[in-house]
Amino acid sequence: MFFFCLTSAIAETAAHSAPTPDEGLLAEIAQGSEEALRALYAETSAAVYGFALSILKNTHDAEDVMQDTYIRLCGAASAYRPEGKPMAWILTITRNLARMRLRESGKTVYPDTPEQWPEETALFHSGSDDRLVLAAAMRRLADDERQIVMLHAVSGLKHREIAALLEQPMSTVLSRYHRALAKLRRELSGMLAE
Amino acid sequence: MNKKEKNQEIERRLAEEVQETTPDVMEDVLTGSRTAEPMAEDKIRQITETKRPRKPWKVVVAAAAAVALVTGGSVFAYRQINNGVDSIVQLDVNPSIEMKVNRSEKVLSAEALNDDAKEILGNMDLKGASLDVAMNALIGSMLQNGYIDELANSILITVENKDAAKGAALQERLSSEVEQLLQDGQVNGAVLSQTTSADGELSELARQYGISVGKAALVRQLVEADSLLDFASLAKLPINDLNLLASSRKIALDGVSFTGQASNGAYIGETKAKEIAFQRAGATDATAAELEIELDCDDGVMLYEVEFRVGGYKYEYDVDASTGEIRKEERKARPTQPTTTQGVGTTTAPASDPTESSAAQTTGSSGRLTVDQALNAALSHAGVSAQWAYDKSVELDYDHGVAVYEIEFHSAATEYEYKIDAATGEVLQWKSEEDDRPASTSAGGQEIGMEKAKALALERAGLTGDVRFVKEKREYDDGRLIYELEFRANGMEYECEIDAMSGAVLSWDSDGDD
């Protein structure tokens, strides 16, 4: 169900399994359709979770924020005005909730434990390459860089949309994005060797 | 792999890892949204609509508590879609609270800007409540906690909205709502309200002094209107004191709407302040002339400045507005106009000499600098920006027959004293010294008294007999009580400061007349 994204992969760089949820789902959710909520959730949850994770840097808080995002979305769906960007709209909710949680971060229930994101070398021999990439993104990138790369990779938002979502100038987003990927290429050179 | 392929590979793997590790919270979402939704809003509406009348704040604090309960869990569902901030509403009493509100007037956030506000907000969570409910709860809490009562009854409401008309409408509505709430709470309130628009300087000032932008706007107006006031002192005052200052000093505040009158119930009042000063000076309504009483603030303490003239002397008292204590007193021989030959041709002030000829022209006030101009001349000479000068005082005096402004101010741990030619603005004399005199150590000691101080001064000058003191001043200088004396004898002019407890001479200055 995730793989109708061939066109977007061509449109910009690698936007894998980029979710393009149907706006109609939101209208149905507003009517109370559980089925529509399940469909929307299935399509967008990874993007929501990934974005929350990139802001909060720990899986427990990210999970809480993901849950709150969908709960809030149910209440707000009736007021969604179709403008062709349901993904960006959902991620705005996530952004607000995650930032709120960061502000309260003195109270963060689960502290940011380094063990959660092991050193690349530890993973290098475990054969878990994908995990290595995520850990590198968590450990090596600055907060802004990580959010941009995550949004680009997982939610399939365009740089322009990312700039709007993160309230940063487009040029800043672009330069941070390129710098972030340069860092990751260097970190992961062993994996990408050929 | 080329660079682009590497990037794609990295992103693909990242996306895959996130996909794989995303937890499944669908069931929690379903239960959460089902249970939360009907509860939240209905409950608020029920509480606010059914039990509004008599004692609104009690009810509403409960409502706010209910809001807190519901939003406290992670299961509050917004019907509201609009998370965008439409208006910013600030409420200042002394507690300073800022609320961000969306287009349908639901509170998106409520922030305590000072410690008093933290007490007011307590563990109310106003998020998601309607603005009306939130205002009701906040005013109620302030009444309950004693921040608003008959003694201090002023509230400032500030609204910021990009749409000026909308902001103004909201300002007006909130103002009358609050007025009503205070009436219901049996308090004669004074409500000040204004709209602001984004202003970098104001936000910076607000941040610097830890106050709301709304209060910063009010303080800035006061300071701009009256150059003897300073931002730092005023920023510490509750709105009621600012309101009192504005009316006492007859400062018209632009763009601020007023209803009701600031209460001065906490203070002794102008009449009592006058009585205290008169008694000290031995003056009566019959003997005193040119009486002026003005409220002032010195380092967070509210004072009545009482000035009057009796015979050949001018008296000035600072009376603590709360306690009636005299904090500063001064008696000066009345400025004499340069009429006789005395002093002419003998000026030794470090000014070049045109002052003498111009002195003769300063008979009319037209040729004289204003207090503001004189103060600015001193500030710019000192390189101190008006914003950073505090404890400012400006007095017109005659020095060897020349009209002179004596100016004092403090800035950055330095005390400045200037004498500015009132006709030309020329700096005749200036002095700056470190502002770090230790506070008087004689807490339990006995004040030596003005007469003893005068005797000490004469002794130091080697004078005996009848000497006329042109200035006798008793004041607190950085917490230390001092006497400041000025007298003339045998063509010499003396100025000195004496510690009121130890009798030590703190500064000494003598100036030959010829």
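Visitor: With which residue of chain A does E27(B) form a salt bridge?

Guide: This is a predicted model, in which local features need pLDDT of at least 70 and side-chain atom pairs count only at pLDDT 80 or more, while totals for chains, interfaces and linings use all residues; side-chain values use heavy atoms, with hydrogens and water left out. Residues are numbered from 1 along each chain as its sequence is written, and chains are lettered from A and ligands numbered from 1 in the order in which they are written. A salt bridge places a side-chain nitrogen of Lys or Arg within 4 Å of a carboxyl oxygen of Asp or Glu. The closest N and O atoms of the pair are 3.3 Å apart, and the partner of E27(B) is R38(A).

Visitor: How many residue pairs are in polar contact between chain A and chain B?

Guide: A polar contact is a pair of N or O atoms within 3.5 Å; within protein, one must be able to donate a hydrogen and the other to accept it, and residues adjacent in sequence count only if both atoms are side-chain atoms. With both residues at pLDDT 80 or more, the count of pairs is 8.

Visitor: Which helix supplies the largest share of the side of chain A that touches chain B?

Guide: Helices are DSSP runs (H or I, at least four residues), numbered from the N terminus. Those that each supply at least two residues to this side include α3 (34-56), α4 (59-76) and α10 (170-187) of chain A. The largest share, 10 residues, comes from α4(A).

Visitor: How much area do chain A and chain B bury between them?

Guide: Buried area is the accessible area (1.4 Å probe) that two parts lose on being put together, summed over both. Carbon and sulfur atoms hold 65% of it, and the total is about 4200 Å².

Visitor: Which residues of chain A lose the most area to chain B?

Guide: The contact (heavy atoms within 4.5 Å) takes 50 residues from chain A and 41 residues from chain B. Together accounting for 15% of what the chain A side buries, the residues are I71(A), D130(A) and R185(A).

Visitor: Why does E307(B) count as buried?

Guide: E307(B) lies in strand β8 (residues 301-310) of chain B, and its side chain makes a polar contact with that of K314(B) at 3.4 Å. Beyond its neighbours within four places in sequence, E307(B) is in contact with residues including L291(B) and Y315(B). Buried means under 20% relative accessible area (1.4 Å probe, protein chains only). E307(B) counts as buried because its relative accessibility is 18%.

Notes
Buried < 20%, exposed > 50% of the residue type's maximum accessible area, 1.4 Å probe, protein only.
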